[in-house]
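Please look through the sequence and the structure shown below before reading on.

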Amino acid sequence: MNTANQVPTRIANILINALKGGVVPRVGLEYITVGRSQEIAAILHDIEMIADGSASFRFIVGKYGSGKSFLLQTIRNYATAKGFVVVDADLSPERRFAGTKGQGLATYKELIQNLSTKAKPDGGGLPLILEKWISGIQASVKAQTGSSGTEFDDLVERQIYAVAGSLEGMVNGFEFAKAVVRYWQAYRQNDPAKKSQVLKWFRGEYPSRREAKADLDINFIVSDETWYDFLKILAAFLVGAGYQGLLVLIDELVNIFKIPNSITRANNYEKILTIYNDVLQGKARHIGFLMGGTPQCIEDKYKGIFSYEALRSRLAEGHFASAEIKDLSAPIIRLAMLSQEEMYILVEKLLFIHARLYNYTPALSHDDLLYFLTVEYNRVGAGTHITPREIIRDFIELINILHQNPQKTVSDILGDNSFEMAKGGVSDEDIHSEFREFEV
C-alpha cells in the first residue's frame, strides 16, 4: 500500500504548502524521503558515536535546491526520535560564527530558541528539559529511598549538586552549574520569576555580567567568544539529564562566503576551525555538528572555506575519491542530484499525498508522470541547472491546476508538442525509452 495513504491530513497540508513554496517542511519528511541512503547511513553512524561519547563534524555540500536542507531536517527528526536534543539555525548577515556586533551570540540565541526534543519537536524545549531533569531526579530519589518532606528535598538537592559538580571542570562550567542550581531552587520555591531569569541566562539574553550578577549572582554571560564552549557544557549537561547528546545543525554557510570584509570572513573560518579541531582531537564529547553549504562557499579559493589554508588542508579530498566513488567518512559529504528514477518515485509520492489532502482519487497515469518528467529534464539548460526543488514546485503546480480544472489533461497544460519541442522532434518511442526502467 502506498504510504501516502497513511499521511495525516494536517501533515499532508504542511508538506504540499511548504514544498510548493520552495522550503523544507519540519515534519512529515519520512513520507517523501527518496534516495540519500548512503549519506543518511553515514550520518546515522556519526549519531551512534555521539551517543557513545564521541563527537562529529560534517559539511553537507550541494547546489541550491539539491536537498541539503531536506537532509538536515531528516536527520534532525531522526535524532530527536532517538533521544537527542537538536538545535538548528540558518546563518544570515545578522547570524554568523563571529562578528563585531554580536553576530556569534545571535547564532547561539537562534540555536537555543530552536532547541528541540522528541516531546517538543518544534523548538522552545529548554524549560521542558530542565523540568524533566528535576522530575527525573525526584522520581529516582523517591524510588531509591522512599523518603519525604525535608529529607527528600535534601537528597534531591544533593543529586542536583552532584550533576552540577560534574560540569565544573569544563570551561565556564562552574557558572553553568550555578545556573542549574538556581533553577532547582526556583523550582523548589515555586518562583516563576526566578525561573524566567535563569532561562533568560541560558538563552544568552542578559546584556551584561552586572545584570546577571544582580539577578542570579552569576558573574558570566554567553557572548560571541564563549557561545561554542557553552554548547559543549550544554551537551554534557544533557547527557547527565538522560539525553543521548546534542546535535547542532547550521545551514546557509553561503552567508559567510558573502561577507565582503576578508578579516571578518577569516575570523568566522577561524571559529569553524576551532570547532573542527575540538571534535577531531577528542576535546568535545556527546556533540555533533552538521553544516550545510554550496560547493562555491566551500571551494572558492578567494572567499570560500578553502580560502582559509588551515581548513583547506584539513578538508581537501585525497587522490582516490571521485564523483562516482565517494568517501562517506570524509568531513565533506557532497550531494549529487537525485536520479531520474528517484525523482519519479518522489513525484508519485507527492501525487498520492496531494490526493490525500484534497480527498480525490489520483487520475494521473504512469505515462503522465513520465510525460511531466521528460519535459522537465529536457528544458534548455536542465542538464546542469535543474534541481529537485524546481521539479517539485512545477509538479505541485501541475497537480493543483489539474485538480482545480478537472476538464483539463496533462497534455492540455504541458502542450501536445512538449516532447517534440524539448527533444528537437524525436518520436514518442524515443522519449519513453528515456524512462524505460520505470515500466512495470
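## Overall picture

The accessible surface of the protein comes to about 20,400 Å², and 50% of that area belongs to carbon and sulfur atoms. The model is a predicted one, and its values should be read with that in mind.

The protein has 440 residues, of which 48% count as buried, and its secondary structure consists of 21 helices and five strands. When contacts between residues at least 6 apart in sequence are considered, 70% of them join residues at least 24 apart.

## Two helix pairs

Helix 5 and helix 7, the latter formed by residues 173-188, pack with their axes 11 Å apart and at an angle of about 75°. Because angles from 65 to 115 degrees count as roughly perpendicular, helix 5 and helix 7 are described as roughly perpendicular to each other. On the side of helix 5, the residues that meet helix 7 are Pro127, Leu130, Glu131, Trp133, Ile134, Ser135 and Gln138, while helix 7 contributes Val180, Tyr183, Trp184 and Tyr187. Sorted by class, this contact of helix 5 with helix 7 has eight nonpolar, two polar and one charged residues.

Helix 4 and helix 10, the latter covering residues 227-240, pack at an angle of about 25°, with their axes 10 Å apart. That angle makes helix 4 roughly parallel to helix 10, because angles under 35 degrees are counted in this way. Gly104, Leu105, Tyr108, Leu111 and Ile112 of helix 4 make the contact together with Trp227, Phe230, Leu231 and Leu234 of helix 10. The residues in the contact of helix 4 with helix 10 divide into eight nonpolar, one polar and no charged.

## Two buried loop residues

Serine 116 is found in the loop between helix 4 (103-113) and helix 5 (126-145). With a relative accessible area of 0%, serine 116 is buried, because that label applies to values under 20%. The side chain of serine 116 is joined to the side chain of arginine 76 by a polar contact of 3.2 Å, and the serine 116 side chain also reaches the backbone oxygen of proline 121 at 3.3 Å. If residues up to four places away in sequence are not counted, serine 116 touches several others, including Arg26, Thr80, Phe84, Val85, Val86, Asp122 and Gly123.

Isoleucine 305 lies in the loop between helix 13 (295-299) and helix 14 (309-315), and at 1% relative accessibility this residue counts as buried. Leaving aside neighbours within four places in sequence, the residues in contact with isoleucine 305 include Phe59, Leu253, Tyr269, Ile272, Cys297 and Leu311. The C-alpha atoms of isoleucine 305 and isoleucine 272 are separated by 9.2 Å, although the two residues are 33 residues apart along the chain.

## Two exposed asparagines

Are asparagine 190 and asparagine 359 buried or exposed? Asparagine 190, in the loop between helix 7 and helix 8 (192-202), counts as exposed at 61% relative accessibility. Asparagine 359, in the loop between helix 15 (340-358) and helix 16 (366-377), is exposed with a relative accessible area of 72%. Both labels follow because exposed means over 50% relative accessible area.

The backbone of these residues deserves a look as well. Phi of asparagine 190 is near 55°, which is a positive value in a residue other than glycine, and phi of asparagine 359 is likewise near 55° and positive.

Conventions: Residues are numbered from 1 along each chain as its sequence is written. This is a predicted model: local features need pLDDT of at least 70, side-chain atom pairs count only at pLDDT 80 or more; totals for chains, interfaces and linings use all residues. Side-chain values use heavy atoms; hydrogens and water are left out. Helices (H or I, at least four residues) and strands (E, at least two) are DSSP runs, numbered from the N terminus. Buried means under 20% relative accessible area, exposed over 50%, partly exposed in between (1.4 Å probe, protein chains only). Contact means heavy atoms within 4.5 Å. Accessible areas come from the Shrake-Rupley method with a 1.4 Å probe; for residues, only the protein chains shown count as cover. A polar contact is a pair of N or O atoms within 3.5 Å; within protein, one must be able to donate a hydrogen and the other to accept it, and residues adjacent in sequence count only if both atoms are side-chain atoms. Axes are lines fitted to C-alpha atoms, for helices over the stretch in contact, and angles run from 0 to 180 degrees between N-to-C directions. Angles under 35 degrees count as roughly parallel, over 145 as roughly antiparallel, 65 to 115 as roughly perpendicular and the rest as oblique. Ala, Val, Leu, Ile, Met, Phe, Trp, Tyr, Cys and Pro count as nonpolar, Asp, Glu, Lys and Arg as charged, and the others, Gly among them, as polar.
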